[in-house]
Each structure stands twice: as structure tokens, then as C-alpha cells.
Protein chains: 2
Amino acid sequence: MALLFKRGILSQLLLRGRQLTTKLSTKGMPEACLTCANESRYSGSWGYRRIHTSKFLSTTIELTYKRLPELKRGPYAEVTQKDIEYFETILGKGGVITDKDELEGYNIDWYKTCKGCSSVLLRPRTTEEVSKLLSYCNEQSLAVCPQGGNTGLVGGSVPVFDEIIMSTSLMNEVFDLDQMSGVLGCQAGCVLEVLEKYVGERNYMLPVDLGAKGSCQIGGIVSTNAGGLRLVRYGSLHGNVIGVEAVLPNGNIVDCMSHVRKDNTGYDLKQFFIGSEGTLGVVTKVALLCHPTPSAITVAFIACPTFEAVLKTFRSCREKLSEVLSAFEMMDGATMEAIEQNVSLRNPIGLSPFYVLIETVGSEQEHDEEKLASFLETAMENNIVTDGTMSSDPGHVRELWDVRERAAEALLHDGYVYSYDLSLPSKAYYHIVPVMKDRLGSKVKRCAGYGHVGDGNLHLNITTQDYDPEVIKLIEPFVYDWTTKNGGSISAEHGMGIKRCPYLSLAKSPNSIKLMKDLKALIDPKCILNPYKVFPYEVNSFSEF
Amino acid sequence: MALLFKRGILSQLLLRGRQLTTKLSTKGMPEACLTCANESRYSGSWGYRRIHTSKFLSTTIELTYKRLPELKRGPYAEVTQKDIEYFETILGKGGVITDKDELEGYNIDWYKTCKGCSSVLLRPRTTEEVSKLLSYCNEQSLAVCPQGGNTGLVGGSVPVFDEIIMSTSLMNEVFDLDQMSGVLGCQAGCVLEVLEKYVGERNYMLPVDLGAKGSCQIGGIVSTNAGGLRLVRYGSLHGNVIGVEAVLPNGNIVDCMSHVRKDNTGYDLKQFFIGSEGTLGVVTKVALLCHPTPSAITVAFIACPTFEAVLKTFRSCREKLSEVLSAFEMMDGATMEAIEQNVSLRNPIGLSPFYVLIETVGSEQEHDEEKLASFLETAMENNIVTDGTMSSDPGHVRELWDVRERAAEALLHDGYVYSYDLSLPSKAYYHIVPVMKDRLGSKVKRCAGYGHVGDGNLHLNITTQDYDPEVIKLIEPFVYDWTTKNGGSISAEHGMGIKRCPYLSLAKSPNSIKLMKDLKALIDPKCILNPYKVFPYEVNSFSEF
């Protein structure tokens, strides 16, 4: 077990520079159904792994369109040999994949809940290639599904029917990092962890960090408006993305790749592409604002007896840690149980109904530890924190983060995950978990909640051995109605994809949806880009075929 | 004179809690041409003052359209008595102003460089009133110029011809501040300083601060995407604005007033209205992310011998002050000279070619002072800082800020200001000032530069006694070409308005401008909202009359 905090002596220990932590058990890769032959995608930290060729998967995952009989294929052309030949003139034979086995991993999402039946994968390397390909597809009325690292959780990055998959994986050039402004320029297919290393070597850090960083790509992150683990400190991508280059469905390249931090010349078009899930354009380049590498990172992993105590801890944390607070992540007991059982990581502290990971990032180790110690001492005196471990050692910090970052993977090992990414006001934040537990009872294996308390963002995960249509009927639309009634958002950071899109009208007003549709019709009148996503299914009717 | 920093003893002094500052001379309001009968608009700090009824002004400021003969009035209807009567049924007689004297201040911009000839001012109080008014104006083809605090610097908030002025001044209700999330909800007409006081009383601070805070309104700030003094710490409004409600030209209300921090349901429409300068919709409500009030604010006002030293100071500052750095503002000697001569504030330190105001904001006074002292000691040892004063006393902090915040006003007192708001890479940042000095020589009174080094944002101000068409020909388009060639942006934070719009093609690619025009035509097909702004003049041709 970890060393426990002892009331009163904590700050003294810290001031003497002692590390209050213990070694965690970090066994190797789990030998479960997640196959990953391609080692280059597994990059040391966990990362999401692409599902490449698992026959297990191909036989057990139902095609998305068969699961959604109300969804009809749009009036798109079907890919012909002539199309393939044209694509090969642009990309060469190596850039056009039609092998069924090789396509499998690109047709299935990471959660194994969505499966398309695309017969072509395109792998461009340049913006100009993307432009030529999209222009052709638009003329020929061929639907296209853009794909980055395919780590999305709402089925937005895989085809629904036979859409052509356009992967940005080979668009992975890093251009530069401006040492003065901290602006990084790169192609859309750069993997987050690669960028993290690149800027890290130049004394900068990225403003975004995700559990999926070993696979997810910056273009996909921007297109999803992914939030991640450090949003509470650095804010959303709408503020941190300085430039975007994107290709419209008609092949027009929209270059908003400014490298200056402030630019108020005309409409801020790059915002269109942040969070529109590849339905308005394919992001090809990104300029991202990075921050100087902090010289001190400290993590505390603590136990709270109730969710009310978690909230009190957050309020106190924000007040006392203020400028150094960089993450405040919550997990419940059910999540920790899954982590211990399914991915063989040990709980670093004692059993508790709630766990919180607090990270501070600053320029003076001693100052940060003093602040953290002072906060924890008060918190323990007030009985809102009952147990904890804390460290500034990079290895230990990594181990503590692993526990939090592997939560999604751990739950996935249960079999099938019904995953919901909700924004909720603090009063309602955790309440949905016991509500769902009561509603589902023994019909499910686990009902767990974890997430970014600092951003009001809860990841509700319900698991069963196999996909169960009866369970989903009990969950949806109940969970969306509940969230809306409680003043929340039905998709905090994962987007709408194919899973949430039927519920858009719960989230947005009719006038807003009309404006969204008008914009989509303006930019993509044939609706060739990532169809069936974001909007309710009937929106295909605006297609101008 | 202020106490000077003495090498070596600085940190000792700080650790003993001594304030290294001196009283500044803060004489009362200057008795110059800026008249301000309406005391309620002057709110203690400087603030920009509205020009109400000055006869001096009305006789000396030329009408904008007369100064721009190439600009033609769009094919809009003219306001009739019938229209006035309709407006009165919506707003009552008090909400419809037609008195010429009263209209004067609303027709002229703060810089006294633009003047419209509107004959009607509408003052709605509710979103529904704005909706009815816009719907009517759209049907009748009446052009509308939305106006907030009218503190913009590019002529974006005053009419060019006879557009109806729609002021949000009476839409000044503050709804609430969520104590947990820090999200503030309010109407668009709330004055920044009023909001600052409101959230301050609830232990929060706003993420944006402007010199014009005594008059500027949150709706106008959002519509301009104003940057301001603390962007270096809290980021841009694209990240800090959580919700927007806006009314489209056809009267449709688009409600994106989410109060949750993360919401990825559909396109992020609120981004459309941030920085589009009232050409896509009238912002009626705003939800803004606020931050817990810091318990410690410290300001250092320092002298640097060269601009190279300013840059080195910034790099060192960002590294050593990191998480507590909240402002890094530069002024050159010419700016300080104007401040001393024109607004009777005393230079708090000795004469120097460059001055920098550094602000730290944190949760532990002692920690922040230690960091600042350590940074300054090294900086003085390295001869990049030669002189300085520093304080944590709120009154002294305010006085030091006043010197920086009154720079724009001080220069305006010279007579006429040719003001440019440029984003530039660090190498080119200040170089434009000596370039312009050489180019203009004795034809101008002053050529001064100040701004937000931390954001790469320079305010270049050239002054003459009176407006001189020969001088402007020497400045424009030279300054825009130079900025573009040096990788900068011709409008960092003030927008395009009427002054910058002819140069949009220098700033953005043809495909980007096409997409902007398409969006404008989609949302405002009759181009009734703030015409002649943002786009080059010929864009009126897309009007569908």
C-alpha cells in the first residue's frame, strides 16, 4: 500500500522534499481482445491501439447500418474500378488500399461498436492530393469518411455504409516550432505523442493531452474538438488552435494557417473546422499554441468519502492551487475495480468510493509542493480527503496518471461498453450514475463514472458481456433526456458521430439546427463529407442530387 | 522619482515585504477636447468616454462617405416616418431617438476619425425587441449598424451613411454567476467594468480586461473578439466565451447560451459571432468563463535599454514567472512622452527607450514576489533591465496600470491619430516604428509604439495636429504591405471595420474570402447588417436586391 497522508505531518514531509508515493504495479500489455500487431502504434504510454486484423472482431461486430434499419444509404455513387484507377494516378498503388483484411481496422471503431463496409482506403500525403481526391469524389457523388487515429468514441471516424475512407495517417510532417511564440505547425496526421515529444525536446508542452495520445492524430483532435486532461488549465482548442488548413468538399483549399497569435482579419474560419467532425472539410494542417515546459509537475492521488467531498475538494483546490492546478480528475469505486480487475494496475491507495487525481504544473517545485501540502492538510482536517499519495518523481507521476488514463480501456475489457460523455452542472454531475444503477440493476455488469470534474465533464460507462439491445433501450433516450433536463450537454467532448446524432434536437434549438444545416448545405451541397454524422438521419434529405 | 532597483538587494527587500514603489502623479481629468457630460460613463478608472454633444467635433469631423468617394451607398431604403412609428410601437417613444444633437455621439467613433449621418437610434431592452426590429428592417431593406460602447478603433461601430443605429446600451442585465463553474451570464449591453465589479464581489475575475472598460460593452467585445491586457494569461475570447445568444438579420434568435464549459453537440455556432463585427448577427446575451480572484497581484514597471532587451526580458519572464505571468506590456519612449505631456501622468521610473509593465497574478503573495524578484535580479545582472519599480499595493498597482492604459488617450490628445493594430513575429515586432519614423520624418508629430509583446501585438500610433490626406497616403497601404511581407496580421485585435476592410485580400487567401462572402450571403442575403464593414467595398454587389 501507499504511504498514507498523516494529518499535520504532511507539509513537514513535503518541505523536507520526501516523495509520498509508492511503486505501482504496472504489468505489461493485457492479453485480451485488443490486438495490436503494429508496434509502432504502441508508444510506451498506453495509447489506444488500432484494431487491425482480429478475426474475433470481424465475426462479432454487426454492421452499423444493420443495427440502424431506419437509416438509409444516401444517393451516392458506388466506387468503380475506374474510380480506383483515378485514385491510383493521384496516390500511386500504395496509397489506395482495397484489401479486405487491411481495411477491417479502418472500418471498425475503437470501441468495437460501429462497423462500416468501405471497400477503399485512400492515404494521401499532401494537401494537394486531398484536394484532387475530394474534388473528384464531389464531382462523382462519392461519399467520403475522413479518418485520423480512429480513436473517437461516437463512431464518427468510421464509415456507416460504403463511404471511401480517407486516412490522414501519412500526412505526418512536423513543420516547425516558433521558439518565441510557442506556435507549432504540422500536418494533420501527426500523432499526439509524437508532437508531445517534438515540442518537449524544445522546452514546450502541448495544451492538450488525451489518454489516446499514442494513436490519435492532431487533425482528428481538432475536428472532434477533443477536450482531454488539461482543459481545466489551458482551455479548449477553440482558444489554442492558432491556424488550420482544410480542404472543402469541392477541393478548395482554405488556408487559415496563421502563425501569429492574434489575427482579427475577417471571420475566423478555422473555428468552422474545430469540432465539426469532418463534415465541413478535411483538416490538413494545424498550428497549435504550446506552453513553456513547466519545471515542476506534482501529482496527488487522493480518496474522497462522498461525491459532495469531491466537489468541496475541487472548490478548495481551485482556490488554493489556482494558477498551478492543471488537472482534477475523478474516478468512482466501480471504475477503480475495473482497472484492478481488467488491466492489472494496482490501486495506489486504499479502497474508497471516490478517487481524485490532482496535478499541479509550475515553475518552482518548492512553491507548488507547499501549495499542494497546505491544501491537502486543510482538506484532511475537514475530512473531505481521507487518504492519498503524492509524487513529483516523473516515473511515479506517470504511474499515477496511468491509473486514470487506462480507465476507458479497463472498462472495455468487460465486453461491450455503452459510453456517454456528458457535461453536467455540479449538482447533477455524479447523480446520473446511481440513477442508472437503479434503472439497470443486474442487467449490466458495471455502471461506472469518471471524468474531468474541473470541466463539468462526466464519462458514464455501462458495461455488459455482449451488446444487448434491451439494455440500450433502457439507457437511451433516457440518459439524454435526463441530461438535458438537468441543464447539461449530451456530448461534452466526443462529438455527435453516428451515436449521438439522433438526439441533436435535445441539445440545440430549432434555429440553431437550421443554421447548422444551412451551413452544411452551403459548404457541402452534395453531402459527400462524413454523411450520417452530426445531424439526425433525415438531414440527408437536403442533398441536392 | 521612483525607488530604483539595486542589484543584489532586490530580493532581500521583497522578502521583507517592502513595497518598491512610489506615488504617481494622478491629476484629475484632462480638460481637453474629450467631453463627457454623462458622468455615469466615467467610472473611476479611466475608461473611454463617449463623445456626446461637442459642437467642436461636429464641425471638424468630415463624414466618412465624403472621405471615401469610391464607396457607394448600398441600395437600401431610407427611413420614413412610417418606419419610426413602427419602431415606437416596439420600443416606446423613449427607445427611438431622432434628435440630431443626441445622435451626434452615436454617429462618431471614439477616435474622431469616422462619422456617419444616421437619423435614427434604436435602444431595445430585450432579445425579442431586437428580433422584431431586425425582422422588420430586413423586410423593408433598411440597413442597421449595431453599436455597443462605441469604443472600437476601426470605425466598425458607427454608420458609414444613414444606417439605423441599434444600440445595446439598455440591454444591461446581469443574470447570474455560477459559483462552481465560474460562468457568468448577462445581456450584451453590460459595461465591462460593471461586470468586473459584479464578479469581483463574488470572488471571481473576468478573463478579459481593456483600457476602454469604463464604456465598452460585452456584446461589442465579443463581436470584435477584443484581445486586451490579459490575453497572454487567459487566452482569446474564442476559448473564454461559453455561450452567445444572437439575432440574425431575418430576426431568428440563435440561442447558444450554454452554461456548461464543454459542449460538443453540433457546430459551435457561437464562434460565428465572435469577431464578425456585427455583420452576421446582433449579439444579445453572453456567457463568459471567469476565474477565481487571485489573492495576490504584483506589478513591476521596468526600463529596458533596447527592444532586443525587451524580447529577452519576455523570454526570461515566461520561463521564470510561467504560471503567474498575467501581462507583459511594452511602451516606447515616444508613448511615455505623450503620456507625460498630454495626460499629466508622471513616468514612474527614469527616462528610457523602452518600458515594460509586468503583472503577476497568483494565490500566494510571497511565492509570486519571490519569483518576480528572482527574475528581476537575473535580468538586471544581465543588463536587459536597467531600472524599475514594483508593488503589490492595490492603489499603486492601479496607478502603474494607468500609465499603460492611458497611452491611447494620451496620443489622441496630439490631434489626429493614425492607429494600426498589428500582429508581428518577434523579429519584426518593433522594427516597423523606426521604419515609419524614417518614412514620415517631420510630416508627423509623433510616431509611437506600444502593445502586448506577449501576444505579438503592436499598436502603432502616428499623430498629426489635424487629419492630413498626404500623410495617410504615405502610411497606407505601405504599413499593410510591410506587415504582410513580414508574416504579420494587419488587424490583431481591433477587427477590420471600415478602415481596414479594403485590405482584406492582403490578409486572407481568395478561397478564404470566398467562404467568408458565402457565409455572409447565406446569413444576411440583403446585407443589411453593418454594411461596408469587414469586406472590401465591392462586396455590396452580392446583395440580392
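Predicted model: local features only at pLDDT ≥ 70, side-chain atom pairs only at ≥ 80, totals over all residues.
**Exercise 1.** Determine how helix H4 (residues 81-91) of chain A and helix H6 (residues 127-140) of chain A are oriented to each other.

*Solution.* Two packed helices are described by the angle between their axes and the distance between the axes. Here the axes of H4(A) and H6(A) come within 10 Å, and they cross at roughly 165°. Angles over 145 degrees count as roughly antiparallel. H4(A) is therefore roughly antiparallel to H6(A). The handedness of the crossing of H4(A) and H6(A) is right-handed.

**Exercise 2.** Identify the residues through which H4(A) and H6(A) meet, and classify them.

*Solution.* H4(A) contributes Lys82(A), Asp83(A), Tyr86(A), Phe87(A), Ile90(A) and Leu91(A). From H6(A) come Glu129(A), Lys132(A), Leu133(A), Tyr136(A) and Cys137(A). The residues of this contact comprise seven nonpolar and four charged, with no polar ones.

**Exercise 3.** State how many aromatic pairs a search of the whole structure finds, and classify the pair of Tyr86(B) and Phe87(B).

*Solution.* Over all chains, the search finds 41 aromatic pairs. For Tyr86(B) and Phe87(B), the ring centres lie 6.4 Å apart, and the planes stand at 65°. Ring centres must lie within 6.5 Å for a pair, and planes over 60 degrees apart count as edge-to-face. The pair of Tyr86(B) and Phe87(B) is therefore edge-to-face.

**Exercise 4.** Are Tyr86(B) and Phe87(B) buried or partly exposed?

*Solution.* Buried means under 20% relative accessible area. Phe87(B), at 0% relative accessibility, therefore counts as buried. Tyr86(B), at 27%, counts as partly exposed.

**Exercise 5.** Which residues form one aromatic cluster in chain A?

*Solution.* One such cluster is formed by Tyr65(A), Tyr76(A), Phe161(A) and Tyr532(A).

Definitions and conventions
Residues numbered from 1 in each chain as written. Chains lettered and ligands numbered in written order. Heavy atoms only, no water. Axes fitted to C-alpha atoms, helices over the stretch in contact; angles between N-to-C directions. Helix = DSSP H or I, 4+ residues; strand = E, 2+ residues; numbered from the N terminus. Parallel < 35°, antiparallel > 145°, perpendicular 65-115°, else oblique. Left-handed = near helix turned anticlockwise from the far one by under 90°. Contact = heavy atoms within 4.5 Å. Nonpolar A, V, L, I, M, F, W, Y, C, P; charged D, E, K, R; others polar. Phe/Tyr/Trp six-rings, centres within 6.5 Å; stacked < 30°, edge-to-face > 60°. Buried < 20%, exposed > 50% of the residue type's maximum accessible area, 1.4 Å probe, protein only.
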